[in-house]
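Let's walk through this one in questions and answers. Have the coordinates open as you go.

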Amino acid sequence: MAAPAVKQDVLSARLDALSLPDGAAWAREARDGALSRLTAMGLPGKRDEYWKYTDPTTLNQPEVTRAALFKTDESMPFSDIDRLKIVFVDGVFDAEASDDLSMEGVEVERLSDALGRDIHWARDVYGVLEARGQTPVERPLAALNTAYATDGVAIRATGKATKPISLIYLHRSETSDAILHHVVKVEEGAEVTVLENGPAAARFSKVMEVEVADSGAFHHVRAQGRDHERRAATHMFARLGRESVYKSFSLTVNGVLTRNEQVVEFTGESGVAHVAGAALGDGDKNAFHQDDTVFVTHDAPDCESRQVFKKVLRNGAVGVFQGKILVKPDAQRTDGYQLSQSLLLDDDSIFQAKPELEIYADDVQCSHGSTTGAIDEEALFYLRSRGVPEGPATDLLVLAFLAEAIEEIEGDALRDDILTRLQGWLDRHSG
Amino acid sequence: MLEIKNLNVSLEEEDKAILKGVNLTVEAGKVHAIMGPNGSGKSTLSYVLSGRGGYVVTEGEALLNGENLLDMDPEERAAAGVFLAFQYPVEIPGVGNMTFLRTAVNAQRKARGEEEISATDFLKEIRARAKDLKIDADMLKRPVNVGFSGGEKKRNEILQMAMLEPKMCILDETDSGLDVDAMKLVAEGVNALRSPDRGFLVITHYQRLLNHIKPDVVHIMSDGRIIKTGGPDLALEVEENGYADIVAEVA
């Protein structure tokens, strides 16, 4: 079915500004396939069910809304972590700023190299997981990304990676429009951690497709901040094999518009997937709009999924959570958990939550909860009565509120890094 | 130490007077007890002194060593030396008891222009103090008051008091919800803190706590006023005859 005429107009305006990159025959096929998916869907509109709370206009427009560069003397996230650094500046790989890509247990290539080869493992991943993730909910921005992505990395873990792979996205041009696409394959029993940080561009589209084979493990920690004016639409598509592990945590601080989608599918029994996020939004100087849209499909028995999302909002900030657990008939003994909570620090901020469960198996354990609340005045007074001033007391309660999401970060060093950063940002705010 | 002069307080939400001219002076080194029937304004007095919201002071003042407490934020009062042991200590999920106490100790030190306590010194001191109150390491690590029994919560209040070393300690119904053994333990903790430069205001409904924390002065509060002041015997009289006789006698 073709998209309505008005959507076609928006789409053709956008596509006129882009051109399909070159590659091997299979890669061109993948891009063509994505383009026809996109043409059939059209770009997202406010009437689409999953775009009710987030306005896609600036993500659709052919021209980029200018985003001022954010200047800070803070060190970057993960600075103290021993890692393999891969740097992109406004969406373009920077070989000089990046580390040598060779590493034990992992093959890392630039996406264009992978897509240029006639025979490459990426063929089974690039655009494949994204295409699967288009049903039952359409994700046109991801299809657009597959068709037009200009850069990215292909990561194949064959053993236990000795250190995390750190993708660093620098923003240098006020009008950059970056489209990055990464493909990750974790082979049987292999293990890798991918870190992401940085604003990337004025407008950033990113897709990461992650295939985890049986008994493989993929860990992901991302820090999106603190650029006020950036806009980002990101997608993660994961397909998980038997007894595999997938853990993803995202911290979002500031940003005029951030839409993070996660689409996770269990295809083998006894898999584990944890998807978590902490957002800290201040709508004061610029708007803050942060949207987590998550879809977990249980298509195999005995799998465990957890979604833990916490948002702290003030000064008219807007937080959105749309999370779904779909349990197919054969996915018996599914253990599904979903939590979305917001802490509103004033009356101007808004949290929109749409938790969904759709269950077709009869022996499952699924729970979901969503709450919105203010700072606990009793707790605040208790802290102040012990001498802790209002600002730090509020920060303490904010950190306590976020704790359950932060606990989801795998590894003490990474968890401490995120926590320290968070504390620093809170100190600056109240200082 | 603490001088309360003609204190009149109403509720913020509704125009209802709770305290109607309280006069009270607690000298350094002394323990004053306030007893009274339910609804007499005892707990309100403790909240107003510690700076809880929801009340309006319509008249009068409360001075701590000459400084007007009522002008200060709750944290400033704490730094000045006021400590309220809550009747219902608040549970704070996600904030570790130890982190909370260290943050509080250092915030007060900072406010007074003193140096922060080192992590090792803090640990040494809190371990010693906790041991006296039979508070184990696990309770120190757990989130503030979460999952604590009634007795554990009250002991935790006394631990905070011991660590913060306030000048003026206000205990609001510290005996409520405690069995005899727990009450003894809490009273021992309080007695250990008695010193010539520290004042105590012990608010209680029953006399039994005063068997363990011996007061120098006993006040009876009714309908927002202190209606009678006497020695420790006054508490025994209440125990014997109830409040009705005293209230009737004054009226």
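A residue is buried if 20 or more other C-beta atoms lie within 10 Å of its own, exposed if 12 or fewer, and partly exposed in between, with C-beta atoms placed from the backbone. This is a predicted model, where local features need pLDDT of at least 70 and side-chain atom pairs count only at pLDDT 80 or more, while totals for chains, interfaces and linings use all residues. Residues are numbered from 1 along each chain as its sequence is written, and chains are lettered from A and ligands numbered from 1 in the order in which they are written.

Q: Is B:Asp223 buried, exposed or partly exposed?
A: B:Asp223 sits in the loop between β11 (217–222) and β12 (225–230) of chain B; helices (H or I, at least four residues) and strands (E, at least two) are DSSP runs, numbered from the N terminus. Its phi is near 50°, a positive value in a residue other than glycine. There are 16 other C-beta atoms within 10 Å, so B:Asp223 is partly exposed.

Q: What is the phi of B:Lys134?
A: Look in the loop between α4 (119–132) and α5 (137–141) of chain B for B:Lys134. With 14 C-beta neighbours inside 10 Å, B:Lys134 counts as partly exposed. Its phi is positive although the residue isn't glycine, with a value near 55°.

Q: Which residues does a cis peptide bond join in chain A?
A: Head for the loop between α5 (128–132) and α6 (140–148) of chain A, where A:Pro136 lies. Omega is about 0° for the bond in question, and the pair it joins is A:Thr135 and A:Pro136.

Q: How are α2(A) and α6(A) oriented to each other?
A: Helix α2 (residues 25–41) of chain A packs on α6(A) with the axes 8 Å apart, at an angle of about 150°. Axes here are lines fitted to C-alpha atoms, for helices over the stretch in contact, and angles run from 0 to 180 degrees between N-to-C directions. Angles under 35 degrees count as roughly parallel, over 145 as roughly antiparallel, 65 to 115 as roughly perpendicular and the rest as oblique. So α2(A) and α6(A) are roughly antiparallel.

Q: What is the handedness of the crossing of α2(A) and α6(A), left-handed or right-handed?
A: A crossing is left-handed if the near helix is turned anticlockwise from the far one by less than a right angle, and right-handed if clockwise. For α2(A) and α6(A) the crossing is left-handed.

Q: Which word describes α7(A) and α8(A), oblique or roughly antiparallel?
A: Helix α7 (residues 377–385) and helix α8 (residues 390–406) of chain A have axes that come within 9 Å and cross at roughly 130°. Their crossing is right-handed. The pair is therefore oblique.

Q: Which helix supplies the largest share of the side of chain A that touches chain B?
A: The contact involves 15 residues of chain A and 21 residues of chain B. On the chain A side, α7 and α8 each supply at least two residues. By class, that side has 10 nonpolar, 2 polar and 3 charged residues. The largest share, 6 residues, comes from α7(A).

Q: Which residues does A:Leu345 contact, leaving aside its neighbours within four places in sequence?
A: A:Leu345 is in the loop between β17 (335–344) and β18 of chain A. It counts as partly exposed, with 18 C-beta neighbours inside 10 Å. Its contacts are A:Val312, A:Leu313, A:Arg314 and A:Ile375.

Q: How far apart in space are A:Pro355 and A:Arg333, C-alpha to C-alpha?
A: A:Pro355 lies in strand β18 (residues 350–359) of chain A. A:Pro355 and A:Arg333 are 22 residues apart in sequence, and their C-alpha separation is 21 Å.

Key
Two residues are in contact if their C-beta atoms, placed from the backbone, lie within 7 Å. Ala, Val, Leu, Ile, Met, Phe, Trp, Tyr, Cys and Pro count as nonpolar, Asp, Glu, Lys and Arg as charged, and the others, Gly among them, as polar.
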